[in-house]
Amino acid sequence: MIWKILLFVLMTFVSIAGISFPIVEKPSNWYEFPLIPGLGENAKIIFFHVPTAWLTVVAFFMSFIFSIKYLKQKNHEYDVKAYVANQLGIIFCILATLTGAIWAKFAWGAFWSWDPRQTSIFALLLIYGAWFALRSSIDSDEKRATLSSVYSIIAFFTVPFFIFIMPRIMTGLHPGSADDDNLGPVINFKMNENMQLIFFLSLTAFSLLYFWMWNLGYKSILIKEKLIKKFER
Amino acid sequence: MNEYSLEIKNLSKKFGRRQVFNNINLSINENTIFGISGANGSGKSTFMKIVAGVLTQDQGKVIHYINNTPINSEKLLNHIGFVSPYLVLYEEFTAEENLIIFSKIRGINYDVEYTKYLFNQLNLYKRRKEIIKTYSSGMKQRMKYIFALIHKPNLLLLDEPTSNLDSEGKSTVYSIVNSFSKEKIVIIASNEEQDLEFCKDILHLENYK
Amino acid sequence: MKMFSRAYNLFIKDLRSELRTRYAINALIMFILVAISVILFSIGNEKIPPQLTAGLYWVVIFFSAMSGLSRAFVSEEEKGTTLTLQLVANADIVFSGKLLFNLSLTFFINLIITFLYAAFFEDFVINNFSLFLITFFFGNIGLAISSTIIASIIAKAGAKGTLYPVLSFPILLPLILTCVQLTIFCFDGINIENSVYELAIVISYDIVMITISYLLFDFIWKE
């Protein structure tokens, strides 16, 4: 209970701080953020975009691990855990894509320009969508779990290729692409300490949120299945 | 002589929430005709598929032995002859072509003389150059026996052995079963009393729910 | 060696079956003609940039693959002969045989597509032929491998036809993107030394995909 309240407080603080703290050239108060050239006001979206993008990758990785475990031991629990990870993964992927598109509109003028990182997050969205489409087309529980585990693993191995395609596409618009001297605000730490703090708090808050939801999700499915079994007798 | 035997330990299988069978333990040696009985839908075909190695069980083990050494699952296929209502041969090819293809894929030499012998035994020699599509259901059933025997297996798994057969076909099957079991193992899954008459021992699947 | 001959015979079986019935190949060739015609009609007399030509080239290749390469596994399921195949060959041999068939089919239809593009698209001029050959060779291999493993997955699901491109596209996307890039290089006459990075991506894609396909096919094949 106390953790839930703590998490709620944290998320609220992060959301408010992220959106409302002003960005000024020379921050003098603790609640002011520095101006990063090239980003301006839009920088604030970093508090929401990066954590959601990060978590969708974490979810994808978790699905991969549980898929391997399922194939090795055929334990139904692993399938449920992978399923919930994928559910959260697709939600965070949609959020990451949307926040990214909003940022793109303000920063580069267009919502979408097939920048390599945009393409990658879109590909991840397609993978999630395909995974759910596959699952809904199989009736038998065991077959569904086995085939979706296999697809999860195959998909995981193709994703790293996007990381290698990216650097070659020279005119990437994303902060941190080949022609951007900036290397991105996160790596360069052009953020001052306050901004960094809010950023890492946001990252932590979102991660806690994710793990809490995942925990709740898979346990409630398992309980539901147990109850159904009991009432069938 | 190659001695073949089969051991089944704690075999269980479930489909979704339905327990098909639970905790089957069995040991079968050479020179046996073993029966599996059960009503329609009781799990006979499921059991046979698991023994043949084409379906995975939930729990338990099926171990095939040759000269008391366990056979690797990779090498198992050519030791087993399988007949089942679910078995379908390639209808676009002739009977003879089917057998040649399967021998090549199995990686064994196609024995022309032995094939001729089997065709005659199952009364299909005259139709061997016709495509399976033109066969009647009784002929297809008899063809399945040639498919099951051509690679000279050590274990014959017959699921509903006499389905679609007339009395002549049935007696051919019974004579095959008898001569095969003299040196090897036959397992028959059926709910026909006549089929199960030959069996030394019978396992009733209803007892293993 | 014996394993290869067994897989090879499975491939021959599929080939002979296809030549005898010609279910798939006729439809596939018609599909290619229709697809290219649609594109040509849509373009009309407009001039399109070479990048677009390269993209459209691989689009037709992708959709032709989606039309033809699932047949390898789906036909066995539809005819009911999956069980028969399970009784005569283990997973490795089945995958090798089906892959061989899909490789042949891929190279065959993509040759046709390439000739048609060269004939009808004025911008389809290959200025670095050896680069194109390498791209064609390794790109088609990657296409065949991924298409085969995904075909084996959807063969066991419902809604096979529609699901096949849905599952295949994300998996093939890195390969297609890189091959489009390489095709543009071929048009521009860029030499091989400058394309090494992209070629490395394609070749490593092939290696990664074939490895995990063989490892995972066991789980798909055996129920």
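Mentor: A salt bridge here is a side-chain nitrogen of Lys or Arg within 4 Å of a carboxyl oxygen of Asp or Glu. This is a predicted model, in which local features need pLDDT of at least 70 and side-chain atom pairs count only at pLDDT 80 or more, while totals for chains, interfaces and linings use all residues. Residues are numbered from 1 along each chain, chains are lettered from A in the order in which they are written, and side-chain values use heavy atoms, without hydrogens and water.

Trainee: Why is the pair C:K98 and C:E76 called a salt bridge?

Mentor: The closest N and O atoms of C:K98 and C:E76 are 2.8 Å apart, and the limit is 4 Å, so the pair qualifies. C:K98 sits in helix 6 (residues 91-120) of chain C and C:E76 in helix 4 (residues 71-79), 22 residues apart; helices are DSSP runs of H or I, at least four residues, numbered from the N terminus. Salt bridges with shared partners join C:K13, C:D14, C:E76 and C:K98 into one network.

Trainee: What makes C:K98 buried or exposed?

Mentor: Buried means under 20% relative accessible area, exposed over 50%, partly exposed in between (1.4 Å probe, protein chains only). C:K98 has 0%, so C:K98 is buried. C:E76, at 3%, is buried too.

Trainee: How do you know that B:D111 and B:K152 meet in a salt bridge?

Mentor: Their N to O distance is 3.2 Å, within the 4 Å limit. Both residues lie in loops of chain B, so the pair ties together parts 41 residues apart in sequence. B:D111, at 30%, is partly exposed, and B:K152, at 44%, is also partly exposed.

Note on methods. Helices (H or I, at least four residues) and strands (E, at least two) are DSSP runs, numbered from the N terminus.
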